[in-house]
Amino acid sequence: MKTINCMKTESAAIELLNSNGYEPFKKKANCHCECGETQAVLAYSDNYEKAALIGICDACGDDDAFSEDVIQL
């Protein structure tokens with residue numbers, strides 16, 4: 001599985017997704033960060049054409065990351 005950059009907190013990830021036109025989905029997913037397996041927030045664009053994912057890791061995540069670094073399409 002691909003290792004991805006993560007954010008530290010779920011609230012920061014949801015805020016970043018919202019500011020980029022995505023609506024977070026209630027279901028969580030798993031992904032791989034630098035530390036290992038972690039949870040992620042799933043989101044869809046307004047018209048459900050695109051899906052996005054942001055990993056959440058309190059160890060290696062960065063809440064100040066740029067959207068292009070953490071949003072996985």
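This is a predicted model: local features need pLDDT of at least 70, side-chain atom pairs count only at pLDDT 80 or more; totals for chains, interfaces and linings use all residues.
**Entry: core**

I looked up the largest nonpolar core and found that it has 14 residues. M7, A13, L16, L17, I54, V70 and I71 are the members with the most contacts inside it. Helix α1 gives the largest share, four residues.

**Entry: salt bridge**

How many salt bridges does the structure hold? I found one. The side chains that meet in it are those of E10 and K28, at 2.6 Å from N to O. I placed E10 in helix α1 and K28 in strand β2 (residues 22–32), so the pair ties together parts that are 18 residues apart in sequence.

I also checked the accessibility of both partners. E10 has a relative accessible area of 33%, so I noted it as partly exposed. K28 has 37% and is partly exposed. Both values fall in the class between buried, under 20%, and exposed, over 50%.

**Entry: negative patch**

Which residues form the negative surface patch? I listed D62, D64, E68 and D69.

D62 sits in the loop between β4 and α2. Its relative accessibility is 39%, so D62 counts as partly exposed. I took A43 as a reference point: D62 and A43 are 19 residues apart in sequence, and their C-alpha atoms are 19 Å apart in space.

D64 is also in the loop between β4 and α2. Is D64 buried or exposed? At 68% relative accessibility I recorded D64 as exposed, because the cut-off for that class is over 50%. From D64 to A29 I read 35 residues along the sequence and 22 Å in space, C-alpha to C-alpha.

D69 belongs to helix α2 (residues 67–70). With 36% relative accessibility, D69 counts as partly exposed.

**Entry: Y48**

Where does Y48 lie? I found Y48 in the loop between β3 and β4. Its relative accessibility is 65%, so I put Y48 down as exposed. I then looked at Y48 against N30, which is 18 residues away in sequence. The C-alpha atoms of Y48 and N30 are 20 Å apart.

**Entry: H32**

I located H32 in strand β2. Its relative accessibility is 25%, so H32 counts as partly exposed. I looked up how far H32 is from I4 and found 6.3 Å between their C-alpha atoms. Along the chain, H32 and I4 are 28 residues apart.

**Entry: cross-check on strand β2**

I went back over strand β2 to collect what I had on it. K28, the salt-bridge partner of E10, is in this strand, and H32 is in strand β2 as well. K28 is partly exposed at 37%, and H32 is partly exposed at 25%.

Notes. Residues are numbered from 1 along each chain as its sequence is written. Side-chain values use heavy atoms; hydrogens and water are left out. Patches are made of residues with over 30% relative accessible area and no salt bridge: like charges are joined within 9 Å, nonpolar side chains (Val, Leu, Ile, Met, Phe, Trp, Tyr) within 5 Å. Accessible areas come from the Shrake-Rupley method with a 1.4 Å probe; for residues, only the protein chains shown count as cover. A salt bridge is a side-chain nitrogen of Lys or Arg within 4 Å of a carboxyl oxygen of Asp or Glu. Lys and Arg count as positive and Asp and Glu as negative; His and the chain ends are not counted. The place of a charge is taken as NZ of Lys, CZ of Arg, CG of Asp or CD of Glu. Helices (H or I, at least four residues) and strands (E, at least two) are DSSP runs, numbered from the N terminus. Buried means under 20% relative accessible area, exposed over 50%, partly exposed in between (1.4 Å probe, protein chains only). A nonpolar core is a set of buried Ala, Val, Leu, Ile, Met, Phe, Trp, Tyr and Cys residues joined through side-chain atoms within 4.5 Å.
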